[in-house]
Amino acid sequence: MAASPAFSIPATAARLAALPPAAAAPGRIYARPSMRPPLAAAVAADRELGSGSTSPKGWQDGSSLHSRPARVAGAEHSVNTIRAARFAQRLNEEMWHRQLAGDLLEAVPRVEAAEALAHNKWEPSSSTLTQQQLWEVIRHDAREVAASEPVLASFSHMTVIMHSGLDRSLAFILANKLQSSTLLGTQLTRLFVEAYEDDPSLVEAAVADLQAVVERDPACDSHVQPLLFFKGFQALQAHRVAHWMWARGRKSLAVALQSRMSEVFGVDIHPAATLGWGIMMDHATGIVIGETAVVGDNVSMLHHVTLGGSGTGTGMRHPVVGNGVLLGAGVSVLGPVVVGHCSKIGAGSVVATDLPPHVVAVGVPAKVIKRLDEFEEPVKMMDQVSGFILDFII
């Protein structure tokens with residue numbers, strides 16, 4: 001990719017030589033950094049500047065370099081040439097970032113919502129445990145917890161070991177987490193059991209979610225941990241029951257459960273939002289998902305992710321997140337946009353336009369900076385920085 005003449009290294013050095021004294025003040029940021037060009041570019045800028053006739057000291061007070069002792073002058077020269085090299089890097093980084101993003105945006109086609117939700121759907125693999133197999137593993141892990149930590153023996157027995165299946169255990173755990181002075185634990189337990197008996201797919205979705213956590217979270221040491229301690233998993237299962245209520249016209253109770261879930265878990269998911277299977281909410285604090293949002297299968301998101309709406313009208317106001325998407329910490333996806341399947345959105349980015357599949361996007365607003373191989377699945381790697389954060393000078 002050819003650099004624009006306005007951003008060439010010699011031209012940059014010439015511009016640096018003509019900078020006013022204030023422009024070289026320590027700590028001043030001249031351009032927004034994005035991505036690092038080859039180190040040779042910075043070295044070239046350093047050499048170009050060092051070969052010029054302008055005195056680095058002259059940037060500060062107009063005095064001559066030769067009027068100071070050679071040792072001090074040499075140190076100041078090194079500091080100023082480093083500043084100049086960094087400035088040159090930033091200009092070239094910005095140019096490279098814009099050109100790369102523009103080329104990719106033109107080259108990669110958009111994707112429709114239906115297509116984003118059709119590819120990379122959740123399917124059981126050879127290593128996927130059935131519901132009964134998973135329950136046996138969970139009970140085994142719970143017994144080990146009780147044996148190794150006597151303080152948790154009673155807790156492990158009441159939440160897992162004494163129950164006949166995952167549905168009853170999950171109902172008991174969620175009810176005790178969400179109970180309040182107005183929502184009694186016994187009432188909530190019956191409510192969750194009723195939902196699981198009416199729609200067994202709720203438990204199958206929980207099985208997919210739990211195994212997704214075990215596979216993608218390196219901090220998860222056993223199958224019983226997400227069930228007992230991970231609020232992202234627990235909030236997701238509470239939402240599934242609230243969505244079941246909403247779909248059956250029990251909207252007041254669904255919203256009451258949403259409100260309580262937000263208070264307890266710090267996760268606010270509207271009961272009308274549609275979520276797929278195999279979803280992982282890592283840490284989960286501050287996650288907000290709006291009413292008309294759709295989240296596909298095999299999606300991973302970290303804390304403070306927002307799938308927010310735009311406008312006050314009826315119809316679709318929130319995003320559609322395709323299957324296999326990774327949303328980094330602090331990502332905001334706003335309005336009725338479509339995020340293509342198997343894409344990665346870098347931490348802290350704001351997405352306000354449609355994004356194609358199999359890309360890496362980052363920034364405010366988010367820009368496509370890299371195309372991924374069609375067989376790559378960033379959601380499995382859980383790497384929210386590689387591909388766009390290369391190196392930093394601190």
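Leucine 327 touches Ser300, Met301, Leu302, Val305, Leu307, Val321, Val333 and Ile345, leaving aside residues up to four places away in sequence; contact here means heavy atoms within 4.5 Å. The model is predicted, so local features need pLDDT of at least 70 and side-chain atom pairs count only at pLDDT 80 or more, while totals for chains, interfaces and linings use all residues. Residues are numbered from 1 along each chain as its sequence is written, and side-chain values use heavy atoms, without hydrogens and water.

Leu327 is also among the residues with the most contacts inside the largest nonpolar core, which has 71 residues. Such a core is a set of buried Ala, Val, Leu, Ile, Met, Phe, Trp, Tyr and Cys residues joined through side-chain atoms within 4.5 Å; buried means under 20% relative accessible area, exposed over 50%, and partly exposed in between (1.4 Å probe, protein chains only). Helix 12 (residues 231-247) supplies the largest share of this core, 9 residues. Helices (H or I, at least four residues) and strands (E, at least two) are DSSP runs numbered from the N terminus.

An open sheet of mixed pairing is formed by 6 strands in the order 3-6-9-12-14-15, where pairing requires at least two DSSP bridges between two strands. Strand 3 (280-281) and strand 15 (367-371) stand at the edges with a single partner strand each, so one side of each lacks a neighbour in the sheet. Strand 14 (residues 359-362) runs antiparallel to strand 15 and is joined to it by 4 bridges; valine 360 has lysine 370 as its bridge partner in strand 15.
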